[in-house]
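Please keep the sequence and the model at hand while reading.

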Amino acid sequence: GPVGRASARAARRGAMAAGGARADTFRILIATDNHLGLNEKCQERKNDSFEAFEEVLKMAVKMKVDFLLLDGDLFHDNVPSRATMVRTMDMLRKYCIGDGAVRFQVVSDQARNFDRVGASNVVNFEDEHLNVKLPVFCIHGNHDDPTGADHHSALDVLSSAQLVNYFGKAQTTVQPNGKDTTGAIKVWPVLMVKGETKLALYGLGNMRDERLHRMFHQPEHVKFVRPAGDNKDDWFSVFGIHQNREGYGSKAFIPHNVLPDFLDLIVWGHEHESKPEPESVQGLEKAVVLQPGSTVVMQLTEAESKRKHACLLEVRSGQYRVTPKPIPNQRPFIFASVALRDHIAAEEAQDSEAVARFLQDHVEGLLSEHADEMAMRDEDARNEGRAGESSWLDPHKKPLVRVKVDYSGKDNNRPYTTINVQRFGQEFVGKVANPKDILNFSKAASKAQGRKAAAHGSTANAEIAREEELLRNAGGGGGRQIEQLVSQNLSAEMSIIDDSDLSL
């Protein structure tokens, strides 16, 4: 039963924890959603993404990991600026290239793993002209996905420069039967061996969620290739994916239960909230999901105000453990929620000056509390002999501040007035990193709206079930999908219409 499976997973982790590191233990640092180049036109925040990524590289070198796994969105822009590309390549060269021993082997067909046109399809540390001390394996995300006729990504530039090992590009094949011409995806593992430990690393770069959702629900449209031989379960299988998780509408996500049963660990990118402990989820019998989250604040939400992490994965002979590794020197992020109706009398609901005064005092109070906390942390560090050591918060960086303001009225009465957010932020220029968007006004849903939303959720779930049933039954005339119709019509013999046949 589920309890037994959970106990087995716990036992495997416990055995790994008790055994410690050995010569046949894979040590892998995992990070995702680095978004290099984020806010590069903002003088205050343009370095945040690079500084966080450099901390990840420093951790990888210090911990002497076997390789660094990046699970998508290394770059923020699909076409990074030259400044971003140069800075990224300089960092990778500094921390990844040089004298050092790589203590594992890649034994899979590398031509299938690393499909690079015009370059040798081998991992960079097997290049006789290059010394690599920290291998980097990466897939693309939705920000840096391949585009154009040649299907190239910004990661292809880094791969051609032998700085990273870019894998997980969708390798589409055409189904042989005439009823289905939408194509299929084969996911080939990068097979690695270190002593007695065997690791199968699968990766699938980002695709449009609706398309991949549909393909997972059609037989043989997404096929994971298992290692050859009779002892397939000897391989510890890790899968890196960069898609929406559940809760994004009827088909704009990838359900957990469509993923293969043989997987041991699923690394889920694209979701920015840091959940650095493996979690068991409904729909997965064996695998657990690890969601490291972004290394830099992407959106000013409560979920992203928490500590950012990379994750250390250790694997030995099928046993494993995951250790969260907080990323040091992060920009402080203060998040708070406030309801105007709890602090301002109803008689002043339309008084914009009263609202502005209250919110200004509220933000000033948050900044004062933050300054006191930073001073206390500094004093504790000095008293404990840790002065000068890295902390997860950098006290020298101006904090990000976001106040979610509920301006709905009391008892469904007229809502409170809002104020100009940018004008409000002028009072905090030089004090915070984001003066233009400190405030976020929103209204709480009424009870009637809540009941309507709940009913809509039930309807939406029923609609999902109906859609999935149609997808399972696809293949007949009524179940054909758009891609099939387009492909079938375009493959038919076509000719140019004669001018005489046109009514001009």
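The text below goes through salt bridges, then aromatic pairs, then a charged surface patch.

The model is predicted.

**Salt bridges**

Across the whole structure, 18 salt bridges are found.

| Arginine 27 | Glutamate 314 | 3.0 Å |

Glutamate 314 and arginine 27 form a salt bridge with their closest N and O atoms 3.0 Å apart. Because glutamate 314 belongs to strand E15 (residues 309–316) and arginine 27 to strand E1 (residues 26–31), this pair ties together parts that are 287 residues apart in sequence. Glutamate 314 has a relative accessible area of 2% and is therefore buried. Arginine 27 also counts as buried, at 19% relative accessibility; the cut-off for this class is under 20%.

Lysine 94 is exposed, its relative accessible area being 53%, whereas glutamate 54 is partly exposed, with 21%.

Lysine 306 sits in the loop between strand E14 (288–291) and E15, and glutamate 273 in the loop between E12 and strand E13 (275–279), so the pair ties together parts that are 33 residues apart in sequence. Lysine 306 is partly exposed at 44% relative accessibility, and glutamate 273 is partly exposed at 24%.

Apart from these pairs, a network of salt bridges links Glu44, Asp48, Arg331 and Lys398.

**Aromatic pairs**

The count of aromatic pairs comes to 13. One of them is formed by phenylalanine 67 and phenylalanine 137, an edge-to-face pair with 5.0 Å from centre to centre and 70° between the planes. This pair links distant parts of the chain, with phenylalanine 67 in strand E2 (residues 67–71) and phenylalanine 137 in strand E4 (residues 136–139), 70 residues apart. Phenylalanine 67 is buried, with a relative accessible area of 1%, and phenylalanine 137 counts as buried at 0%.

Phenylalanine 224 and phenylalanine 262 form an edge-to-face pair, 6.4 Å centre to centre and 75° between the planes. Phenylalanine 224 lies in strand E10 (residues 222–224) and phenylalanine 262 in the loop between strand E11 (235–242) and strand E12 (265–269), so parts that are 38 residues apart in sequence are tied together by this pair. Both phenylalanine 224 and phenylalanine 262 are buried.

Ring pairs also join Phe26, Phe67, Phe104, Phe114, Phe125, Phe137 and Phe167 into a cluster. Phe67 and Phe137, the edge-to-face pair described above, are among the members of that cluster.

**Charged surface patch**

Which residues gather in a patch of negative charge on the surface? They are Glu347, Glu348, Asp351 and Glu353. Glutamate 347 is found in the loop between strand E17 (333–339) and helix H7 (352–383). With a relative accessible area of 72%, glutamate 347 is exposed.

Definitions and conventions. Residues are numbered from 1 along each chain as its sequence is written. This is a predicted model: local features need pLDDT of at least 70, side-chain atom pairs count only at pLDDT 80 or more; totals for chains, interfaces and linings use all residues. Side-chain values use heavy atoms; hydrogens and water are left out. Patches are made of residues with over 30% relative accessible area and no salt bridge: like charges are joined within 9 Å, nonpolar side chains (Val, Leu, Ile, Met, Phe, Trp, Tyr) within 5 Å. Accessible areas come from the Shrake-Rupley method with a 1.4 Å probe; for residues, only the protein chains shown count as cover. A salt bridge is a side-chain nitrogen of Lys or Arg within 4 Å of a carboxyl oxygen of Asp or Glu. Lys and Arg count as positive and Asp and Glu as negative; His and the chain ends are not counted. The place of a charge is taken as NZ of Lys, CZ of Arg, CG of Asp or CD of Glu. Helices (H or I, at least four residues) and strands (E, at least two) are DSSP runs, numbered from the N terminus. Buried means under 20% relative accessible area, exposed over 50%, partly exposed in between (1.4 Å probe, protein chains only). Rings of Phe, Tyr and Trp (its six-membered ring) pair if their centres lie within 6.5 Å; planes under 30 degrees apart count as stacked, over 60 as edge-to-face and the rest as tilted.
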